[in-house]
Amino acid sequence: MRSYWLTTSLKLLKCNKNNLWITSVRRSFATAQSSGENLQSTTLSVRPFEELDNKNNNNEHQQRSLHIAVIGVPNVGKSTFINNIINHKVCPTSGKVHTTRKANTAILTTGHTQLVFYDTPGLVTQHEIRKHHLEQSFKSAYRHAIQHADIIAVMQDASNSWTRKSLHPTVIDTLKTYAQLPSLLVLNKVDALKSKRILLDLIKTLTNDTLRSKTASKKISLPCESVGVRLNQRETSWNHFSDVFLVSSITGSGLQELQDYLVNCAKPRRWVYPADVYTDETPETLIVDSVRARLLDYLPQEIPYNLKCELEYYNVENHVVYTSVLVQCPTPRIERLICGESNGKLRQITERVTSDLVEMFGQAVSLTISTMSGGKRNV
């Protein structure tokens with residue numbers, strides 16, 4: 001078995017470990033009610049659920065919330081955007097497409113308002129699903145998220161000169177299907193563009209020059225003259241965006257304005273989650289997703305998509321997360337590629353994942369990543 005054991009120091013990051021309560025709240029609470037188990041045992045926090053519930057009930061009449069489905073084609077920066085706007089890393093990210101393979105939930109609670117973001121897999125056509133051997137859940141995940149959302153945020157990569165001037169057909173079809181929901185356009189990666197004129201022309205093109213007057217007067221001064229963009233036979237724009245936001249998920253530019261806008265759109269109703277919950281995913285799921293995301297970053301081409309990651313061990317003792325993940329490789333050659341010379345590459349991957357998990361959990365992490373191929377562990 002090729003493995004690398006990395007134990008971090010017991011130094012915690014700036015975030016307080018008691019303020020990061022990561023658990024499947026709804027699933028665990030239902031189980032606890034039916035079986036009488038102690039809900040506290042499934043969390044990374046020592047704070048009892050009853051304490052959080054009572055705190056929320058005191059201000060229940062002031063609570064407001066908004067559920068946002070973030071959609072877009074693969075690799076436009078949806079996960080990075082959500083991580084940065086809630087200021088916690090809960091969605092897996094990498095430099096390759098299809099890192100997000102199912103809908104993830106991220107929660108931001110500010111004041112009396114709770115914003116619930118649904119991070120969805122990149123929108124793909126049925127042809128792309130067959131071509132890249134993707135799960136059919138790619139088609140159902142974003143639909144399920146939108147059905148629970150109050151508003152749709154369409155993310156477009158403004159830095160990609162090949163695709164930025166038209167909305168993907170799947171995005172158009174989705175907006176048509178859920179036309180009863182308000183939608184806004186989020187132009188991401190604007191830090192890569194130096195010309196404001198390009199952004200203004202892009203806004204007119206993607207909205208078909210139908211922005212509502214409140215958007216134009218609030219931030220963006222659109223030119224009066226026609227841009228002269230000739231549309232293709234297929235639809236490439238959406239006439240019903242209520243607002244447009246220019247953001248950079250990397251630098252944080254524009255995120256606060258968008259957050260303020262969403263807070264103002266929130267509806268008076270009881271929160272779904274306690275105030276200090278940032279995701280409804282279990283710690284075990286977050287660990288496996290983090291390993292898979294870093295494998296995408298460190299391995300070339302299609303190799304990481306053929307790997308299977310599974311959790312072997314997870315426990316929390318004395319405020320330290322102890323965990324082990326097994327990576328199953330289709331061939332010994334790929335296993336050697338993952339491990340590298342003298343396990344050098346495996347060491348780098350483990351260090352990077354450990355850093356991600358420390359940031360995610362806010363406490364020390366001891367991580368083992370092991371590999372195997374041909375159904376047998378290699379020594």
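Biologist: In this predicted model, is Phe117 buried or exposed?
Modeller: The relative accessible area of Phe117 is 0%. Since a residue counts as buried when that area is under 20%, Phe117 is buried.

Biologist: Which residue forms an aromatic pair with Phe117, and what is the angle between the planes?
Modeller: Two aromatic pairs turn up when the whole structure is searched. In one of them Phe117 is joined by Phe81, with the ring centres 6.4 Å apart. The cut-off for an edge-to-face pair is over 60 degrees between planes, and the pair of Phe81 and Phe117 is edge-to-face, at 90°.

Biologist: How many residues apart in sequence are the parts that this pair ties together?
Modeller: Phe81, which is itself buried at 1% relative accessibility, belongs to helix H3 (residues 78-86), while Phe117 belongs to strand E4 (residues 113-119). The pair therefore ties together parts whose separation in sequence is 36 residues.

Biologist: How are H3 and H9 oriented to each other?
Modeller: The axes of H3 and helix H9 (residues 255-265) are 10 Å apart, and the packing angle is about 75°. Because angles of 65 to 115 degrees count as roughly perpendicular, H3 and H9 are described as roughly perpendicular.

Biologist: Which residues of H9 make the contact with H3?
Modeller: From H3, the contact draws on Phe81, Asn84 and Ile85. The residues of the contact of H3 with H9 comprise four nonpolar, two polar and no charged. On the H9 side, the residues are Leu255, Leu258 and Gln259.

Conventions. Residues numbered from 1 in each chain as written. Predicted model: local features only at pLDDT ≥ 70, side-chain atom pairs only at ≥ 80, totals over all residues. Heavy atoms only, no water. Phe/Tyr/Trp six-rings, centres within 6.5 Å; stacked < 30°, edge-to-face > 60°. Helix = DSSP H or I, 4+ residues; strand = E, 2+ residues; numbered from the N terminus. Buried < 20%, exposed > 50% of the residue type's maximum accessible area, 1.4 Å probe, protein only. Axes fitted to C-alpha atoms, helices over the stretch in contact; angles between N-to-C directions. Parallel < 35°, antiparallel > 145°, perpendicular 65-115°, else oblique. Contact = heavy atoms within 4.5 Å. Nonpolar A, V, L, I, M, F, W, Y, C, P; charged D, E, K, R; others polar.
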